[in-house]
Amino acid sequence: MKSSIADFAVISPRTLAEALASLRQTPPPVPLAGGTDIMVLLNAGQLEPGVYLNLYSVPELRRPIEVSAGVRDAGTWGAGGADPPGEVRLSALTTYADVRRHAEVRRLLPMLPLAAREIGAVQIQSRATWAGNIANASPAADGVPPLMAYDATVELSSAAGVRQVALSEFYSGYKQTARRPDELITGIRIPVPAPGSIDYFRKVGTRKFQAISKVLLAGLVELGGSREIRKIRLVFASVMPFTYRARKTESVLEGRRLEPGAVSLAVETLRTELKPIDDIRSTARYRLKVACNLLEEFLGTTMGC
Amino acid sequence: MAAAGAGRVSAEAGEAPEALGPGPVPCALSVNGREVRIEIEPRVTLLRALRHYSDYTGPKEICDRGACGGCTVLLDGKPVASCMMLALDAQGRPITTVEGLARDGKLHPVQEAFKTCDAYQCGYCTPGMLLSTVALLKENPAPSLDEIKRGLEGNLCRCAAYNHIFDAVQMAAKKMSASPAK
């Protein structure tokens, strides 16, 4: 605390209902979960004065990771039966460390632990939450791209009820999100991808470890029997002003056979689709080049599979 | 500010509790098995509460932004950056600082190993290194060198005594698996 704000108050609700009631005040308090973004601003004396809503005091928000029952029955996969729908639910206060320790999530959603270990070190992973990463809306968030590639939905609760918003619809601009001030992210639901899906997660930073991303790609592809692309997700961090799903490039690829021609077409499409940011961490030119290289690597290695 | 929402919300929707602060409020921490009662403003971090409002100077303030690991303490047995959380939030949960590692005048095996391997120069990062090591070995009693590096990646040593530190962690792992703590 080299410098501090003088006017900082905290509400510690005991129940979710109390938390949601608190959010109806004017102005609404700011939700505080792991605090690994907010506390940096607090210690630097840059935090907005006001009332903060401490979520750690609410047991309903600390529920353990839930894996829906259908998924456990892995023995039926590939046996000709319908694939179980399967879903993983993270709660508002699920941390990166929780995901790294969870064997089933590591198996079902392998990009999540890969992202988790890139976020700060153990001390940060013990506290920082996936929901906080979503709400903070940094373009450089490392936790958001894999969730978006997995088609996660955000569960938003308010005193008026609960609604689900697709994470890919959650951002509309720099730090602009679909969350209303009276809403709280109470959960994240992630459908388990179809068996045989191929994922790709690569972060490019200034250093190999302990760096904030310059460019990151989380990709997921589902191939059909004749190597046609049934479904593909391409999600970039640190390239656009918010976590960005490259839908135009995805739609160029979907339905096409995965072959060298499709790869170059995709890279060309991406080159015009992205309008990268220029900031303290990198330049637009570098980001565009590396984003295209990552896409090429993802599709190239997938072709080799 | 901080008007409670009482009266504006129905009972079943819950009522907004009063906000605490910005003035001092009571805070009870459990540090190394002892209860510590202090009065702090809600903005006070756990690190500041330990160092300035009680006498636990083991956790160090270095970067004050969750990057260096100097302020590492164990909260519920897990390493956290004490500069990155409010002291109020740590209430009711066991906190271990470096002062809590030695028992009855006897060093913890991890401390012994650091001493034997000369795993420090200035010593400022040492409390954080020790606690991260204790947490790592609890979760992974026989870590590889790579796992040790990963486990300690949040603790920076600007004297760069890393090689001796990694030796010490390996030595501690061997000693502790030979005679597991009760």
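How many residues of domain 1 of chain B are in contact with domain 2 of chain B? I found 15 residues of domain 1 touching 12 residues of domain 2 in chain B, where contact means that the C-beta atoms, placed from the backbone, lie within 7 Å.

**Ground rules**

I note that this is a predicted model, where local features need pLDDT of at least 70 and side-chain atom pairs count only at pLDDT 80 or more, while totals for chains, interfaces and linings use all residues. Residues are numbered from 1 along each chain as its sequence is written, and chains are lettered from A and ligands numbered from 1 in the order in which they are written.

**Entry: the domains of chain B**

I looked up the bounds next: domain 1 of chain B covers 24-100 and domain 2 covers 109-178. These bounds come from an automatic or database domain assignment. The C-alpha centres of the two domains of chain B are 22 Å apart. On the domain 1 side that touches domain 2, β3 (72-75) and β4 (78-81) of chain B are the elements giving two or more residues. I noted that β3(B) gives the most, with 3 residues. That side of domain 1 of chain B has 7 nonpolar, 6 polar and 2 charged residues. For the classes, Ala, Val, Leu, Ile, Met, Phe, Trp, Tyr, Cys and Pro count as nonpolar, Asp, Glu, Lys and Arg as charged, and the others, Gly among them, as polar.

**Entry: chain A as a whole**

I counted 11 helices and 14 strands in chain A; these are DSSP runs numbered from the N terminus, helices being H or I with at least four residues and strands E with at least two. The radius of gyration of chain A is 20 Å, close to the 19 Å of the globule rule for 305 residues, so chain A is as compact as a globular protein of that length. The radius is taken over C-alpha atoms, and the rule is 2.2 Å times the number of residues to the power 0.38. The C-alpha trace of chain A spans about 60 × 45 × 35 Å along its principal axes. Buried residues are 48% of the 305 in chain A. Buried means that 20 or more other C-beta atoms lie within 10 Å of the residue's own, exposed means 12 or fewer, and partly exposed lies in between, with C-beta atoms placed from the backbone. Of the contacts in chain A with a separation of 6 or more, 65% join residues 24 or more positions apart.

**Entry: strand β3 of chain A**

Which strands pair with β3(A) in the parallel sense? Strand β1 (residues 8-11) of chain A does, over 4 bridges, and strand β2 (residues 30-32) of chain A does, over 3 bridges. Strands pair if DSSP finds at least two bridges between them. I checked partners: Val10(A) bridges to Tyr52(A) in β3(A), and Leu32(A) bridges to Asn54(A) in β3(A). From β2(A) the chain crosses through helix α2 (residues 38-43) to β3(A), a right-handed β-α-β crossover. Right-handed here means that, with the strands pointing away from the viewer, the path from the first strand over the helix to the second runs clockwise. Strand β3 (residues 50-54) of chain A is mostly covered, with 4 of its 5 residues buried.

**Entry: the open sheet of chain A**

I traced an open antiparallel sheet of 5 strands in chain A, in the order β4-β5-β10-β6-β7. Its edges are β4 (66-67) and β7 (161-166) of chain A, each with a single partner strand, so one side of each has no neighbour in the sheet. Strand β5 (residues 87-91) and strand β10 (residues 184-191) of chain A are joined by 5 bridges. In this pair I found Val88(A) opposite Ile190(A).

**Entry: where the chains meet**

I found 40 residues of chain A in contact with 38 residues of chain B. On the chain A side, β1, α1 (16-22), α2, β3 and α6 (122-125) each supply at least two residues. The largest share, 5 residues, comes from α1(A). This side of chain A has 22 nonpolar, 13 polar and 5 charged residues.

Thr26(A) to Pro27(A) is a cis peptide bond with omega near -10 degrees, and Pro27(A) lies in the loop between α1 and β2 of chain A. Is Asp64(B) buried or exposed? Asp64(B) is buried, with 23 other C-beta atoms within 10 Å. Its phi is near 60 degrees, a positive value in a residue other than glycine.

Notes:
Contact = placed C-beta atoms within 7 Å.
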